[in-house]
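Work through the exercises below with the sequence and the coordinates at hand. Each task is followed by a solution in steps.

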Amino acid sequence: ARPRGRDYGPAALRELAKGLSSGSPLVILAGYSADLQRILAADIGFKGNFLTRVEIPDPSTNEIARMFFSKMIQKGLVASEGLTINFVAQLLESNTEEDWRSERNGYIAALMVYAVRSELKSEMVGGYTFSKESVSPRKLLAQPGQKLTVNTAEEILVTAEDVQSAVMNGL
């Protein structure tokens, strides 16, 4: 609910309920279980109009770890030998609370990838910040008559320590 009467949710739900009685529209309600229960229990015309209910449980730490590995691969990161799904799942289990995980669901995997990439960047730069002069684009350009060197893509290994640091430093 928004303050000062600017919440249009109830009015939108009443309009949706009116439309349910005419024709056979396909309506999909998505949201958190408790919120949906309140909407369906409200006396605005929803009762008995929804034939199917699919409730998807919160992902387990193991499932979040699998999502993390999938997203990590999409970003071109490679897991080192010691980095396993079980390790990441245990790390999440012991360093996050169930309520916190429940609020964020699968988004935790994206948060972890972001945190790991930040961790890797800080390792690559040695924790130093550069001034504008030290990484000026002009300095990076080749001088007249000089060829630019092109580096080939290399695998960026992510270690268990990288992931642990990312989780411990906050997601």
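Predicted model: local features only at pLDDT ≥ 70, side-chain atom pairs only at ≥ 80, totals over all residues.

**Exercise 1.** How many salt bridges does the rule give, and how exposed are the residues in the pairs E55–R53 and E103–R104?

Solution. Step 1: the count comes to five salt bridges. Step 2: in one of them, the side chains of E55 and R53 meet with an N to O distance of 2.9 Å. E55 has a relative accessible area of 52% and is exposed; R53, with 47%, is partly exposed. Step 3: E103 and R104 form another bridge, at 3.2 Å from N to O. E103 is exposed at 52% relative accessibility, whereas R104 is partly exposed at 28%.

**Exercise 2.** Where is D162 found, and which residue holds the nearest side chain of opposite charge?

Solution. Step 1: locate the residue. Helices (H or I, at least four residues) and strands (E, at least two) are DSSP runs, numbered from the N terminus. D162 is found in helix α8, residues 160–168. Step 2: look for a partner. Lys and Arg count as positive and Asp and Glu as negative, with His and the chain ends not counted. D162 is buried yet has no salt bridge, and the nearest side chain of opposite charge, R117, is 12 Å away. Step 3: list the surroundings, taking contact as heavy atoms within 4.5 Å. Leaving aside neighbours within four places in sequence, D162 touches V116, E119, L120, E123 and L157.

**Exercise 3.** Which residues form the positive and the negative surface patch?

Solution. Step 1: state the patch rule. Patch residues have over 30% relative accessible area and no salt bridge, and like charges are joined within 9 Å. The place of a charge is NZ of Lys, CZ of Arg, CG of Asp or CD of Glu. Step 2: the positive patch consists of K71, K75, R117 and K121. K75 sits in the loop between α3 (61–74) and β1 (77–79). Step 3: the negative patch consists of D58, E97, E98 and D99. D58 belongs to the loop between α2 (33–41) and α3, and is partly exposed at 42% relative accessibility.

**Exercise 4.** What is the phi of N105, and where does this residue lie?

Solution. Step 1: N105 has a positive phi of about 50° although it is not a glycine. Step 2: N105 lies in the loop between α5 (98–104) and α6 (107–124).

**Exercise 5.** How many helices and strands are there, and what share of the contacts joins residues at least 24 apart?

Solution. Step 1: the protein has eight helices and two strands, in the order α-α-α-β-α-α-α-α-β-α along the sequence. Step 2: of the contacts between residues at least 6 apart in sequence, 69% join residues at least 24 apart. Step 3: for an example of spatial separation, take S70 in helix α3. S70 and V113 are 43 residues apart in sequence, with 9.9 Å from C-alpha to C-alpha. Step 4: 22% of the 171 residues count as buried. The accessible surface, from the Shrake-Rupley method with a 1.4 Å probe and only the protein chains shown as cover for residues, comes to about 13100 Å², of which 53% belongs to carbon and sulfur atoms.

Key. Residues numbered from 1 in each chain as written. Heavy atoms only, no water. Buried < 20%, exposed > 50% of the residue type's maximum accessible area, 1.4 Å probe, protein only. Patch = residues over 30% accessible without salt bridge, like charges linked within 9 Å, V, L, I, M, F, W, Y side chains within 5 Å. Salt bridge = Lys/Arg side-chain N within 4 Å of Asp/Glu carboxyl O.
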